[in-house]
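Trainee: I would like to learn how to read a model like this one. Can you take me through it, feature by feature?

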Amino acid sequence: MKGRNISIFWHHSFVMVGLAIALILLGIGAAYMVWLNMLRDQERLNPSTERLLEVSDGQRIPLAQPDPTPVPTAEAVPVAAPDPGNTPEPSATLEMLPPERLIIPSINVDWPITLADVDHLPKFRGVGWIFGSAFPGMPGNMVLTGHVGGPYATLTHLHRVQPGDDILVQTEAAMHRYRVQTIYETTPNDVLAMAPSDKTIATLITCSGDWIPERQTNERRLIVVAAYEGIVQEGGKG
Amino acid sequence: MKRISAVRIGLFLALCLLFSSAVAEERPTTVSLSTELLTVLADVEGLGHRMTGVYIIRRATDGSGRVFWRFRGMLDGEFEEVDGEAFERWSLDGDVTVELTKFNYPNFTLDKLPARRMTLMPGWDGLIVIAGVPLAVKGEFKAPTAGSSPVLVVTNAGRGARVITELPNTAGSPNLEGVQQP
């Protein structure tokens, strides 16, 4: 009888130890998952890896990390929202949003941007974002063009910008900063200025040189190339 | 003694598990409507007008079919900005019906639109006809979260690749000096 009791006691003990080991393993697994999630959140909010942009002269420019924190401000929301709890939420990642405003503080430029075609530029005080060119902050050549004179003049004083000047491009969700790298004049048929690029750059084009009445244009084009620096602020319309 | 220890360990771990799951549940979640961005670049001519601009479309990913859209661009060179809402309904065989539900533009109501609903059938192969104008669509258009292209490009069908031989003519009359915005 006593021997049987001892046997049952030991049997129960083994079951309980087995159960305990299983629970230990489950607990470790769950704790690991929680820790892993916390680590991911921390990394998302405080990215430690510096992104660098290599520009033409070999210089490497640190790029701003896209801020992962959504900015659901009323101004940043693209459409009328019926109630604040149901507003579209801008993505945390860099989105393919069109440029909406061009700001060049050094020459007091602040104009709206709209999509435009090479042969169909804005017939208002606005800057054209050439169809097919890159989105703000995305790799490629974002081509912006504006009139130098006349009733739709926007880039009259573009010749005054200097290397190092800021060129700000606002989208619905962010303000992107480009920094002027190169300024040059060229002929109207030098379409290389609009060529795609594997770098993240912006090219601003306006007319320059003497007026040619028979062609109703200027003899040259002023080209300003700027390299991408990063996002200045989230919430482009704020 | 051993039995009691094992039970205690078991209870302790069960509490740990409950605690860890509670911690996981307490992690902050967003209450905003989750959307997927679709950007449509349009440059089309038809019915005596030319429309060049961008539709920024945010499509609900919760299956509700809600769509928030905004157009910003030019109509015949003049600046235009319109926004609104719509619903999209996808069938299993790939049909999609889009219905405009809001159109925010001064002195304009939805009733003035010739059609508020549009159905696209499968097999459209990037070609659609809207109001008699054949249009080419570059990019994959699918239901939200099903892997649409992030950008669609809409142009007149048959336009083909554009050859650019000159930089834009951004001249203005030399007698009219542009005025900077104050």
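Mentor: Start with pairing. Two strands pair if DSSP finds at least two bridges between them. Keep in mind that this is a predicted model.

Trainee: Which residue stands opposite Leu127(B) in β8(B)?

Mentor: Leu127(B) faces Ala136(B) there. The strands involved are β7(B), residues 127–130, and β8(B). They run antiparallel and share 4 bridges.

Trainee: How many residues lie between β7(B) and β8(B) in their hairpin?

Mentor: The hairpin leaves 2 residues between the strands. Ala131(B) sits in that turn, with a positive phi of about 50°.

Trainee: What is the bridge partner of Ala136(B) in β9(B)?

Mentor: Thr155(B) is the partner in β9(B). β8(B) and β9(B) also pair in the antiparallel sense, over 4 bridges.

Trainee: How do I read the side chains along a strand?

Mentor: In a regular strand, side chains alternate between the two faces of the sheet. Now look at β8(B). Val133(B), Leu135(B) and Val137(B) point to one face and are buried. Buried here means under 20% relative accessible area.

Trainee: And backbone angles? What is phi at Leu47(B)?

Mentor: Phi of Leu47(B) is near 55°, a positive value in a residue other than glycine. Ask next where the residue lies. Leu47(B) is in the loop between β1 (35–46) and β2 (49–60) of chain B.

Trainee: Is Leu47(B) buried or exposed?

Mentor: Exposed, because its relative accessibility is 65%. The cut-off for exposed is over 50%.

Trainee: Where does Thr145(B) lie?

Mentor: In the loop between β8 and β9 of chain B. Phi of Thr145(B) is positive too, near 70°. Its relative accessibility is 55%, so Thr145(B) counts as exposed.

Trainee: Let us step back to whole chains. What order do the elements of chain B follow?

Mentor: From the N terminus the pattern is α-β-β-β-β-β-β-β-β-β. That is 1 helix and 9 strands. Buried residues make up 38% of the 182 residues in chain B.

Trainee: What pattern does chain A follow along the sequence?

Mentor: Chain A reads α-β-β-β-β-β-β-β-β-β-β. It has 1 helix and 10 strands. Of its 238 residues, 47% count as buried.

Trainee: How do I read contacts by sequence separation?

Mentor: Take contacts between residues at least 6 apart, then ask what share joins residues at least 24 apart. In chain B that share is 31%. In chain A it is 60%.

Trainee: Can you show me a pair of residues from chain A?

Mentor: Take Gln233(A) and Ala173(A). They are 60 residues apart along the chain, yet their C-alpha atoms are separated by 8.7 Å. Gln233(A) belongs to strand β10 (residues 217–234) of chain A. At a relative accessible area of 34%, Gln233(A) is partly exposed.

Trainee: How are pockets found?

Mentor: Rolling a probe the size of a water molecule over the atoms shows where empty space is left. The largest pocket here has a volume of about 1,800 Å³. It is lined by 46 residues, and those closest to its centre are Met51(B), Tyr55(B), Leu100(B), Met118(B) and Ile130(B). By class, its lining has 35 nonpolar, 2 polar and 9 charged residues.

Trainee: How much space lies in the second largest pocket?

Mentor: About 770 Å³. Of its 34 lining residues, the closest to the centre are Phe131(A), Gly132(A), Ser133(A), Arg162(B) and Ile164(B). The elements giving two or more residues are β6 (140–145) of chain A, plus β8 (133–138) and β9 (151–156) of chain B.

Trainee: Which element gives the most to that lining?

Mentor: β9(B), with 4 residues. By class, the lining of the second largest pocket has 21 nonpolar, 9 polar and 4 charged residues.

Conventions:
Residues numbered from 1 in each chain as written. Chains lettered and ligands numbered in written order. Predicted model: local features only at pLDDT ≥ 70, side-chain atom pairs only at ≥ 80, totals over all residues. Heavy atoms only, no water. 1 Å grid on protein atoms, 1.4 Å probe; cavity = no way out; pocket = protein on both sides within 12 Å on 5 of 7 lines; lining within 4 Å. Points joined across faces, edges and corners; volume = space filled by probe spheres on them. Nonpolar A, V, L, I, M, F, W, Y, C, P; charged D, E, K, R; others polar. Buried < 20%, exposed > 50% of the residue type's maximum accessible area, 1.4 Å probe, protein only. Contact = heavy atoms within 4.5 Å.
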